[in-house]
Amino acid sequence: MQTVQPATTKVVRGVTLHSDPAREGCFNVVHLHKDMHDYSDFSDVAMRQRLHRHMHNEMQSLEIAAKTLYDFPDAPWDLRMQFARQCWDETRHTQLLLRRLEQKGGRKGEFPVMNYEWGVTCMMDSLAGRLALQNRTFEGGEMDLLRQLVGTWKAEGDEETAFVLDGLLADEIQHVRFANQWLKRLAKIDPRSLLKVAMAIRFLEKVTTAMAPLPGEVNAVGVDLTGYTHLDVFANIEDRRAAEFTEEEIEEILRQEGLLSAPSSSAAAGAPAG
Ligand SMILES: [Fe+2]
Ligand SMILES: [Fe+2]
């Protein structure tokens, strides 16, 4: 398995993350959730901020896929093609959300941005670690969130944004599916990749704990972060199946969300819950 150049790093709340990617001068890059402008409502400014944040997340997905292509030049060709296609998808996603943001009177750089997924994922020195975190965990979670957001934007009367998000979801399923397929293949080629997956998930848990909002902490626009981060986003079972999570893995995700109470011996112990 290839080795990658040591990451250039930054330290945030005691954890070492990859340093930020280059950004145009219009962007104000912050490092903590408390410095973001995440609103809890659907006012005009909140809608623009949601689109802006999502646009920037798609940029990060593009950059992470592109960096993985660069960092692992000896990866199997078929996997490199998947990452290349993902770069194309994420570029399109970014452009769609920028256009929607501008249609609503917003602009690039209107709100602070944070390179959280980049900072965590790019610390991984293995393909298995990158796939486990970015595709399987972050994009797996995005799949669940998108399914819910399609309904939320529709309920707010914005059919066009709902339509855009529905289109994005179809691509995200494929990004998660190829990660699930390749994690299985990589485990057959080199069983140590399973250890890399476990280490990646442990690292994410460490970062999540370190960066969790403190009790009563509010963000830059006065929203209580403890309440904000506890929004219920339940597993999107149909799309998780389409992305080739096993029934045992889906069961484990549902249990973690408190939707299943009885423990099952068939649950995939230690498997990353996308
Ligand atoms: Fe995307
Ligand atoms: Fe994606």
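In this predicted model, the side chains of Asp71 and Lys67 meet in a salt bridge, with 3.1 Å from N to O; the term stands for a side-chain nitrogen of Lys or Arg within 4 Å of a carboxyl oxygen of Asp or Glu. Both residues belong to helix α1, where they lie four residues apart, about one turn of the helix, and both are buried, a word used for under 20% relative accessible area, with exposed meaning over 50% and partly exposed the range in between (1.4 Å probe, protein chains only). Helices (H or I, at least four residues) and strands (E, at least two) are DSSP runs, numbered from the N terminus. Residues are numbered from 1 along each chain as its sequence is written, side-chain values use heavy atoms without hydrogens or water, and local features need pLDDT of at least 70, while side-chain atom pairs count only at pLDDT 80 or more.

By this rule the count comes to 21 salt bridges. One of them joins Glu110 and Arg48 at 2.9 Å, N to O; Glu110 lies in the loop between α2 and β4 (113-114) and Arg48 in helix α1 (residues 44-71), so the pair ties together parts that are 62 residues apart in sequence. Arg48 is buried, with a relative accessible area of 17%, whereas Glu110, at 21%, counts as partly exposed. Another salt bridge connects Lys196 with Asp125 at 3.3 Å, N to O. This pair links distant parts of the chain, since Lys196 sits in helix α6 (residues 192-211) and Asp125 in the loop between α3 (116-121) and α4, 71 residues apart. Elsewhere, Arg100, Lys104, Asp158 and Glu160 are linked in a network of salt bridges.

We turn next to the packing of helices. Helix α2 (residues 77-103) packs against helix α4 (residues 127-155) at an angle of about 40°, their axes being 14 Å apart; such axes are lines fitted to C-alpha atoms over the stretch in contact, and angles run from 0 to 180 degrees between N-to-C directions. On the α2 side Leu79, Phe83, Gln86 and Glu90 meet Leu127, Leu131, Asn135 and Glu139 of α4, where contact means heavy atoms within 4.5 Å.

Finally, consider the strands. Strand β1 (residues 9-12) has a covered face, formed by Lys10 and Val12, and an uncovered one, formed by Thr9 and Val11. With β2 (residues 15-18), β1 pairs in the antiparallel sense over four bridges, pairing being assigned if DSSP finds at least two bridges between two strands. Thr9 stands opposite His18 in β2, and in the hairpin, which has two residues between the strands, Arg13 takes a positive phi near 45°.

Note on methods:
Chains are lettered from A and ligands numbered from 1 in the order in which they are written.
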